[in-house]
Amino acid sequence: LDYGGVAREFFFLLSHQMFSPIYGLFEYSTHNTLQISSKSCIIPEHLDYFRFIGRVVGVAVFHQKFLDAFFVGSFYKQILGMQCTLEDMESVDDVLYKGLVWMQENDVTDMMYTFSVDDEQFDEKVEIELKPGGKDIDVTNENKAEYIELLTDWRINKRTRDQMNSFNRGLFDIIPRHLIQIFDDRELELLIGGIAEIDIDDWYKYTDYRNYTTSDDQVRWFWRCVREEFDNEKRARLLQFATGTSRVPVNGFKDLQGSDGPRHFCLERIEDSQMLPKSHTCFNRIDLPTYKNYETLVSKLTMAIEETIGFATE
């Protein structure tokens, strides 16, 4: 029976595989965010895959499930039909961005640039003209602004236009374009991926307890462990263990979803000092045994979140 937790974990795990660079459809950018790979065209029926991925994103957004993916900022702008600027290049290709900024601020006379760019396609360099006859047009101080604009457009938009169009077709199959366009790019990012950085104070504030109080040793040890022993990655694993996803809703922990709408994270007392913690992802609840000391709690909780994927969860 799925009361929400199974679906959250399904979308999270599916997206983790779907956007993995291993499959060649996406690649990591300079800042380790995802972007469409221009080399994905080598994959047979790659445009069908991108349309399918767009549909999955649409279904996830429709059902308010977060995906394990953070894209470059220009990706969200492309979904919304917004114009990308030179500033967007920084997250796409940091080296090219720095070169274009230098060009903006310096004399390019005699630098021998033309309105063309060499693109490496499967170990072969191909000259791409940024406008008709571009390879024969020199870049000067007078026209360098146009060159920067055209190169930015090619690198961010045109290079993967077919793939992006297929993704958008799939997304808009599920959610009409006009409903997506009410958001700006930052809001759309949060809508798709949620918040990755975990605010422990907010988590603590919106936590309920069953047969425990905040003064019980096990509860105090639990939060001490989360604050002092766990880094953000382990906190994300703990959240996924408890809820089925490591993402936090846009409005924080008060909007965690359960089987019947918003449901706070919960710690429930289990009279046992040996068993591992057990999670109920549909109810955002962890059954926390009555461990006898802090060290045991840290050990058992760490084992539960790192070694028991698909085990001791309901």
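Analyst: Start with two paired strands. E9 and strand E10, residues 285-289, pair in the antiparallel sense, and three bridges link them. His280 stands opposite Arg285 in E10. Keep in mind that this is a predicted model.

Now widen the view. E9 and E10 belong to an open sheet of four strands. The order across the sheet is E5-E8-E10-E9, and the pairing is mixed. In general, strands of a sheet pair through backbone hydrogen bonds, either parallel or antiparallel.

Where does the parallel pairing come in? E8 and E10 run parallel, joined by five bridges. Here Arg269 stands opposite Leu288 in E10. On to the next pair. E5 and strand E8, residues 265-270, also run parallel, with four bridges between them. Tyr209 has Leu267 in E8 as its bridge partner.

How far can the model be trusted? The protein averages a pLDDT of 90, and 97% of the residues score at least 70. Helix H7, residues 161-174, has the highest confidence, at 97. Strand E6, residues 257-258, has the lowest, at a mean of 78. Where pLDDT is low, the predicted coordinates should not be read in detail.

Next, the empty space. Rolling a probe the size of a water molecule over the atoms shows where such space is left. A search of the whole structure finds one cavity of 30 Å³ or more. The volume of this largest cavity is about 130 Å³. Its lining has 14 residues, and Gln35, Ile36, Gln78, Ile156 and Thr160 are the closest to its centre. Three elements supply at least two lining residues each: strand E2 (34-36), helix H3 (73-80) and helix H6 (144-156). H3 gives the most, with three residues. By class, the lining of the largest cavity holds six nonpolar, five polar and three charged residues.

Last, two details of the backbone. Most residues other than glycine have a negative phi. Glu45 has a positive one, near 60 degrees. Glu45 is found in the loop between E2 and helix H2 (46-62). Is Glu45 buried or exposed? With a relative accessible area of 57%, Glu45 is exposed, so it is over the 50% mark. Met112 also has a positive phi, near 65 degrees. Met112 sits in the loop between helix H5 (94-105) and strand E3 (116-120). The relative accessible area of Met112 is 77%, so Met112 counts as exposed.

To return to the sheet: E5, E8, E10 and E9 follow one another in that order. E5 with E8 is parallel, E8 with E10 is parallel, and E9 with E10 is antiparallel.

Key
Residues numbered from 1 in each chain as written. Predicted model: local features only at pLDDT ≥ 70, side-chain atom pairs only at ≥ 80, totals over all residues. Heavy atoms only, no water. 1 Å grid on protein atoms, 1.4 Å probe; cavity = no way out; pocket = protein on both sides within 12 Å on 5 of 7 lines; lining within 4 Å. Points joined across faces, edges and corners; volume = space filled by probe spheres on them. Nonpolar A, V, L, I, M, F, W, Y, C, P; charged D, E, K, R; others polar. Pairing = 2+ DSSP bridges. pLDDT = per-residue confidence, 0-100. Buried < 20%, exposed > 50% of the residue type's maximum accessible area, 1.4 Å probe, protein only.
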